[in-house]
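Hi,

Here is the structure I promised to pass on to you. Have a look at it first, and then read my notes below.

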Amino acid sequence: MTASPITFVLFGATGDLAQKKIVPALLGLFKAGIMPQGSRIIAFSRRPWTDDDYRHFIAPSLESVRDISEQDKKIFLSTLYYVQGTFDDKAAYERLKSTINNTQVLFHLAIQPEFYEIVFTQLGQLGVVKQDSKILIEKPFGSNIETALQLEKVLQNYFHEDQMYRIDHYLAKDGLWNIIETRKQDEALESRLNARFVQSVEVRLFEKIDIQGRGEFYETIGALRDVGQNHVLEMLAVSAMDLPETIISMPQARADALKNLKPGKLLMRGQYEGYRHEQDVKPESQTETYFKIETEHHNKRWLGVPFIIEGGKALDEKKAEVVISFKNGNEKVFNIDDGKRLVPRSLSGVGDAYEILIEKALEGDKNYFVSIDEIIASWKFIDEVLKNVSTVPLTFYKKGSAL
Ligand code: BG6
């Protein structure tokens, strides 16, 4: 844990993610004493606001944070400052620089990914990136393998690997870590996780919600890129990987599992009825809101075992799970959104995924973040599947139905 005060610079401070997740998580971390005394949050955004305007704007988002007194919320709000500017506005970055002083800085990019490069470059050229600075980057990291590599190249110009924290919030879910803990603790289970005993593995991320007005974003992305390239493949990776000897090599173990995948066969693409009437969606849109893929692994452990992965929106239930079916008819189900962490993560006891992510970035624990190898392997897999989308016509389904 850092003892000296830090400056947390939040790009996209008025966005949905900042309001719903990031700023409430920062409050949680203040409350838990994880953000060192004297730390400050700098909200960077376009609107012509003062510090107080931003504090008023964000205050309602903090209502969801429980067990905190009004007085503490007030103190927290007084640590928030506002810098107004666009991402290419040099003067705005100069203003930002003057707020940072000599503290350690965490930059958090919760903005549209098309602006990542420009922000990396501006920060780098401004000279605010120090040895101890860190940068948290939301998914999607690129939109295919080429754009991901290009982004990485620009990022590497100004930050070294130890400073980069690429986010997939599923890696901060207790349910996901419980897969690893269970595999470690239950030797009988672990010894049966292979082609000799397992019939098939299903990994699914079903959501009840639709695209919730995010048509502009979703149209160019679709379910395969939105949740397939990241959350679903990470669930698969922790289930299929060889357990690493040390926790330090977790990202490597996950990357190895992903590199091991055979090209996926797209079994089905779906689109919920009414999607084409959503705002900013084309009337003839071919974007999938559901997908189902079958794949296998090259390695001996899983040879011939089908892995079915699927994800979708506007379905009949919210469910993130891994189901392992054994040849003897038994099943092992891991529910990612259920249950407490089997082995405590830290003494702080913070529990929300975004609290965990920021805490782990502060600690410098990269096991909770996506390595560039995982990004490359997952895009390689998804890019390959996307090449074949035109051969699999869309199946239309009713909102709220089970496919
Ligand atoms: C996000 C996707 O990464 O994950 C959203 O962009 C999706 O479309 C969300 O709704 C699902 O996360 P969770 O934690 O609600 O399962």
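These notes cover the ligand site and then a sheet.

A word on the source: this is a predicted model, in which local features need pLDDT of at least 70 and side-chain atom pairs count only at pLDDT 80 or more, while totals for chains, interfaces and linings use all residues. Residues are numbered from 1 along each chain as its sequence is written, and side-chain values use heavy atoms, leaving out hydrogens and water.

Around the ligand you will find residues including Lys139, Tyr170, Glu207 and Arg214 (near means a heavy atom within 4 Å). By class, this shell has 7 charged, 2 polar and 2 nonpolar residues (Asp, Glu, Lys and Arg count as charged; Ala, Val, Leu, Ile, Met, Phe, Trp, Tyr, Cys and Pro as nonpolar; the others, Gly among them, as polar).

Which distance separates a polar side-chain atom of histidine 169 from an oxygen atom of the ligand? It is 2.8 Å. For lysine 173, a side-chain N or O atom is 2.7 Å from a ligand oxygen, and for histidine 231 that distance is 2.7 Å.

Now the sheet: it is open, with 7 strands in the order E12-E11-E7-E10-E9-E8-E13 and mixed pairing (strands are DSSP runs of E, at least two residues, numbered from the N terminus; two pair if DSSP finds at least two bridges). Its edge strands are E12 (331-335) and E13 (394-397). E9 (residues 290-295) and E10 (residues 307-312) are antiparallel partners over 6 bridges, and glutamate 294 faces isoleucine 308 in E10.

Happy exploring!

Terms used. Polar contact = N/O pair within 3.5 Å; in protein donor to acceptor, adjacent residues only side chain to side chain. Helix = DSSP H or I, 4+ residues; strand = E, 2+ residues; numbered from the N terminus.
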